[in-house]
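Me: I have a structure to go through with you. Could we take it topic by topic?

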Amino acid sequence: MKAVRVSALSSDLSGVALDDIAEPTRSPGQLLVRMRAASLNYPDLLMTRGEYQLKPPLPFVPGMEAAGEVIEADPTSGFASGDRVVCGTRLDAFAEILACDASAARAIPARLDYAQAASIGVAYLTAYVGLVRLGALATDDWVLVHGATGGVGLAAVDLAQSLGARVIATSRSPEKLQIVADAYSPAATLPAPGFRAAVRDLTGGGADIVVDPVGGDVFDESTRCTAFGGRLLVVGFASGRIATLPTNIALIKGFSMIGVRAGEYARRFPRLGAENLDSVWAMAGEGRLRPRVHAIYRLAEWRDAFAAMAAATHVGKIVLVP
């Protein structure tokens with residue numbers, strides 16, 4: 001079968017290729033799935049460079065989530081051949097066939113196609129764990145979402161609004177912010193950096209929750225417009241600079257800084273992790289989530305897809321198909 005495989009770590013994808021490799025075999029408790037769509041996430045790009053916390057042995061097939069059709073399943077798994085499923089994996093999604101744990105699979109709601117389904121898991125689960133589990137989101141909270149045009153950022157915009165929050169979305173790109181405004185109608189859109197005064201004016205003092213997948217200067221400025229008792233959620237460092245927090249600011253302003261790792265949360269708290277997945281997919285089935293697929297690439301076009309991710313030209317999700 002064809003798969004995108006990383007054989008050497010590099011900064012320019014020179015160690016990545018579309019290879020012919022052996023089809024996987026299914027272990028007990030797993031599903032064998034024919035991939036119809038797989039979502040590209042920023043950690044996938046980082047793993048090709050060896051810059052992510054997960055550093056799998058070489059060679060490996062990246063890809064953290066896929067949607068497709070069941071080929072084989074245990075009779076007791078609740079799935080059968082031909083079922084449409086979405087699978088959460090740490091690796092292996094960028095292949096024509098993959099094996100995934102049945103516990104990490106969910107049936108695809110009829111209202112979603114494969115590309116939309118593959119665009120929900122990582123982004124919306126991260127947003128859910130951050131906003132609901134760790135951020136204790138309440139109705140009418142003010143939620144400041146940075147990097148709101150990326151996968152996780154846009155999912156946070158969508159999920160927070162679905163749960164009754166008031167959302168302020170930021171980005172460096174006015175053009176991409178306009179797409180977010182047209183598609184999701186947040187309470188406000190603001191340029192980043194340069195948002196501090198406007199956020200304080202809009203919220204009457206500061207945001208109750210800040211979702212920050214950007215880091216760097218955006219994180220620094222966010223500490224100045226988080227409300228007393230607020231929660232500053234650290235999701236990533238897309239800016240390239242890992243910021244530091246002067247503890248006197250947290251003390252004086254009385255907010256909490258919380259790291260968000262949805263996958264690790266599920267591994268440490270399996271029951272809650274399963275509940276998180278169930279909640280996200282229940283909302284998807286009810287039509288309360290609106291994933292946006294920005295572009296679809298063939299596996300053979302993987303380099304173009306990764307380049308788009310690296311250049312941050314997308315609004316929403318980038319998807320690979322066989």
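Me: In which hand of crossing does H3 pass H10?

Reply: The crossing of H3 past H10 is right-handed. A crossing is right-handed if the near helix is turned clockwise from the far one by less than a right angle, and left-handed if anticlockwise. Helices here are DSSP runs of H or I with at least four residues, and strands are runs of E with at least two, numbered from the N terminus. This is a predicted model: local features need pLDDT of at least 70, side-chain atom pairs count only at pLDDT 80 or more, and totals for chains, interfaces and linings use all residues. Residues are numbered from 1 along each chain as its sequence is written, and side-chain values use heavy atoms, with hydrogens and water left out.

Me: At what angle do the axes of H3 and H10 cross?

Reply: The axes of H3 (residues 121–134) and H10 (residues 270–285) cross at roughly 110 degrees and come within 10 Å. H3 is therefore roughly perpendicular to H10. Angles of 65 to 115 degrees count as roughly perpendicular, under 35 as roughly parallel, over 145 as roughly antiparallel and the rest as oblique. The axes are lines fitted to C-alpha atoms, for helices over the stretch in contact, and the angles run from 0 to 180 degrees between N-to-C directions.

Me: Which residues in H3 and H10 meet?

Reply: From H3, Gly-121, Tyr-124, Leu-125, Tyr-128, Val-129 and Arg-133 meet Leu-272, Glu-275, Asn-276, Leu-277, Ser-279, Val-280 and Trp-281 of H10. Contact means heavy atoms within 4.5 Å. The residues of this contact between H3 and H10 divide into eight nonpolar, three polar and two charged. In that division Ala, Val, Leu, Ile, Met, Phe, Trp, Tyr, Cys and Pro count as nonpolar, Asp, Glu, Lys and Arg as charged, and the others, Gly among them, as polar.

Me: Next, Gln-30. Where is Gln-30 found?

Reply: Gln-30 is found in strand S3, which covers residues 30–40. Gln-30 is buried, at a relative accessible area of 16%. Buried means under 20% relative accessible area, exposed over 50%, and partly exposed in between, with a 1.4 Å probe and protein chains only.

Me: What does the side chain of Gln-30 make a polar contact with?

Reply: It makes a polar contact with the side chain of Asp-101 at 3.5 Å. The side chain of Gln-30 also reaches the backbone nitrogen of Ser-27 at 2.9 Å. A polar contact is a pair of N or O atoms within 3.5 Å; within protein, one must be able to donate a hydrogen and the other to accept it, and residues adjacent in sequence count only if both atoms are side-chain atoms.

Me: And Thr-149, buried or exposed?

Reply: Thr-149 counts as buried, at 5% relative accessibility. Thr-149 is found in the loop between strand S8 (142–145) and helix H4 (151–162). Leaving aside neighbours within four places in sequence, Thr-149 is in contact with residues including Lys-176, His-314 and Gly-316.

Me: Changing topic: what joins Leu-58 and Pro-59?

Reply: Leu-58 and Pro-59 are joined by a cis peptide bond, with omega about -10 degrees. Pro-59 is found in the loop between helix H1 (42–49) and strand S4 (65–72). A cis peptide bond also joins Ala-192 and Pro-193, with omega about 0 degrees.

Me: What is phi of Leu-13 near?

Reply: Phi of Leu-13 is near 65 degrees, a positive value in a residue other than glycine. Leu-13 counts as buried, at 11% relative accessibility. Asp-140, not a glycine, has a positive phi of about 75 degrees, and Asp-140 counts as partly exposed at 44% relative accessibility.
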